[in-house]
Amino acid sequence: MKKFIFALLTLALHECLSAQQPSEEIPQRFMYRISFAPEIGYRTLVSTASEREIAESRDANEIAQIGFTTGIAAEYAFTRNWSLSVGFAYANRGYQTKTAIFNWSAPAQQSPSESFVSYRFGYIDIPILLTYRFGHDRHWTFFATGGAVPSVFLVRSKTLFVNEQNTWTSTDNQRGIGYDRFALFLSAEVGAEYTLSDSFALRLGIVGKRAIAASNPNMATQEYLFSGGLNLGFVWRP
Amino acid sequence: MKHPTTKHITTEDSAPLISAQERTTRITVVRVVTLLLFCIVVQSCGNDGLATAPNDGEFSPRLSAYGIFQGTMSNLVASEGYLGYTLSSQLFTDYAEKQRLIKLPTGTQMTSMGDDLLNFPDNTIIVKTFYYFNDKRDTSKGKTIVETRLLVKRNGLWNAATYLWNNAQTDATLTTSGFDKNVQWIDEKGAGRVISYHVPSNRECATCHQSNGQLMPIGPKAQNLNIQITKNDVQTSQLHDFQARGFLTPTDLLRIRTLPNDKNPALSVQDRARAYLDINCAHCHSPTGFCANQDLFLEYNTPYESTGIATRKDQILAFMQSGFMPLLGSTVRDDEGIALLTNYINSLP
């Protein structure tokens, strides 16, 4: 199913960009964008009946976590209002556990008092987004963007944070297996661009992304990551 | 002062137009890039890096259904018919204690196949329970049981399942997707320890336990069972005890080698390190294991010159020290094991 959706999206993009008549003289503007988006990330769990207890236990213990996405994109404007962009981004999204408090049955030389675990998933995102711009004036332009974000999984980092005598230490465990190499997110963003000069603009948006494919599709309890936050960018129109 | 102006795209504005040739070139570039992208991503679809050995046998949703333990389950008292056993060298799993049991169908026996894995009859159940003493200095202070793993042989094929114990320690639930659980204990030196213990998914089980694409037990090789145990205050051979009790077919035990105990300081560093590599790494790093294509064969009986260690010394240590290896089965570094391997590798020519 994921392969099919991705194939459809890619071929649609392909056809869209190449369907016009070569002889047609159209105005063309390429824009380039660099962006950084601090985001809050979490996941939803979909489980079979046999693992409902497991999913409920995780839902009771796991909470959202701050992540980020940063990347570049090239945007092609078809008309005054519509444009299509393709880019590359590194996304670090995930979730964490609630802080656990420890009581010790006997005096110990060292006795951690609390801990939590952070789960971070690294992806290379390839956002393919359609943008509609409106409300143009001398400085401000508003936009709404939506599209698909095929992603390639890089690594999952599990970090245990332990507090002992008010000093936090961490132990990191990284794994590149156990999660599907390919993920597919849907993305939506609204915001505004502030024109600084003929060639440069600042961009600020509110962005949300949600996986429509589980990161671990072969498991009885499947994780669907999502994230949302501010997207800060810089636009260059050469 | 020049005011910045917006650059809106319209079909009427005076934006420079590109030539048809340049446009064709750009379109070609876009076509190539998108199709390349398509190929790369589709190639990576549906692959999570774990083994695809079949592990889809049916298991009861509750551990209690098997009647493995009699009385209060958390006391871990094995029911009649379950045979306890120990291994010479044991897999490191985040300092967890382990109880190992085998149950053979009535009237059947295990068969020795030289030094290798024993041959088990159909409907054999191998049980391994992972737990932590609350205070390892004083085991009477109780324990926290985390998981029980089952290996069951049906119709000649092994299947694995993992059961996660509940917080009340009254039963355990079948868990196929894996689970992380906070565990705390006081170690033998009196230090309070906290870890996020990972209960493996059934696909992780299959990855380490697969050999030639089929699931297999890892620990109960004859050479790893061929140790002296104390029974009724008398030292005896564990394999001989199995024979005496009718669990193992008659065989010449003198022809079976013994895997060294990697924790025994009286043995040479070489023997201990090779035993450590055997029990911790060789299930994947063997000619039939998950990492067979790595050309690193770490079974104890493989001659040194055929292992590939000589050309991978630095890599082995670096991967262990960084926590990249082992890939599965533990979440914290085995500092004692790394120290042993460091001594071993430094001793090599």
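Me: Which residue just after helix 7 of chain B takes a positive phi?
Reply: That's B:Gly323, with a phi of about 85 degrees. This is a predicted model: local features need pLDDT of at least 70, side-chain atom pairs count only at pLDDT 80 or more, and totals for chains, interfaces and linings use all residues. Residues are numbered from 1 along each chain as its sequence is written, chains are lettered from A and ligands numbered from 1 in the order written, and side-chain values use heavy atoms, leaving out hydrogens and water.

Me: OK, and which residues of helix 7 of chain B are buried?
Reply: Helix 7 covers residues 313-322 of chain B, and its buried ones are B:Lys313, B:Ile316, B:Leu317 and B:Met320. Buried means under 20% relative accessible area, exposed over 50%, partly exposed in between (1.4 Å probe, protein chains only).

Me: Why do they line one face of the helix?
Reply: Looking down the axis of helix 7 of chain B, the buried residues fall within an arc of 90 degrees, so they line one face. The arc is taken from the directions from the helix axis to the C-beta atoms.

Me: What's on the face turned away?
Reply: The exposed residues B:Asp314 and B:Ser322 sit there.

Me: And what covers the buried side?
Reply: The cover includes helix 5 (269-280) and helix 8 (335-347) of chain B. Contact here means heavy atoms within 4.5 Å.

Me: Switching to chain A: how many residues of strand 3 are buried?
Reply: 12 of its 16 residues, so to speak mostly covered; strand 3 of chain A spans residues 82-97. Helices (H or I, at least four residues) and strands (E, at least two) are DSSP runs, numbered from the N terminus.

Me: How many bridges join strand 2 to strand 3?
Reply: 13, and strand 2 (residues 62-77) of chain A runs antiparallel to strand 3 of chain A. Two strands pair if DSSP finds at least two bridges between them. A hairpin links these strands of chain A through four residues, and A:Ala64 has A:Tyr95 in strand 3 as its bridge partner.

Me: Which residue stands opposite A:Ala89?
Reply: A:Asp125, in strand 5 of chain A. Eight bridges join strand 3 of chain A to strand 5 (residues 114-125), running antiparallel.

Me: What about strand 6?
Reply: Strand 6 (residues 128-134) of chain A is also antiparallel to strand 3 of chain A, with five bridges. A:Val86 stands opposite A:Ile128 in strand 6.

Me: Last one: is A:Ile72 buried or exposed?
Reply: A:Ile72 is exposed, at a relative accessible area of 51%, and it lies in strand 2 of chain A.
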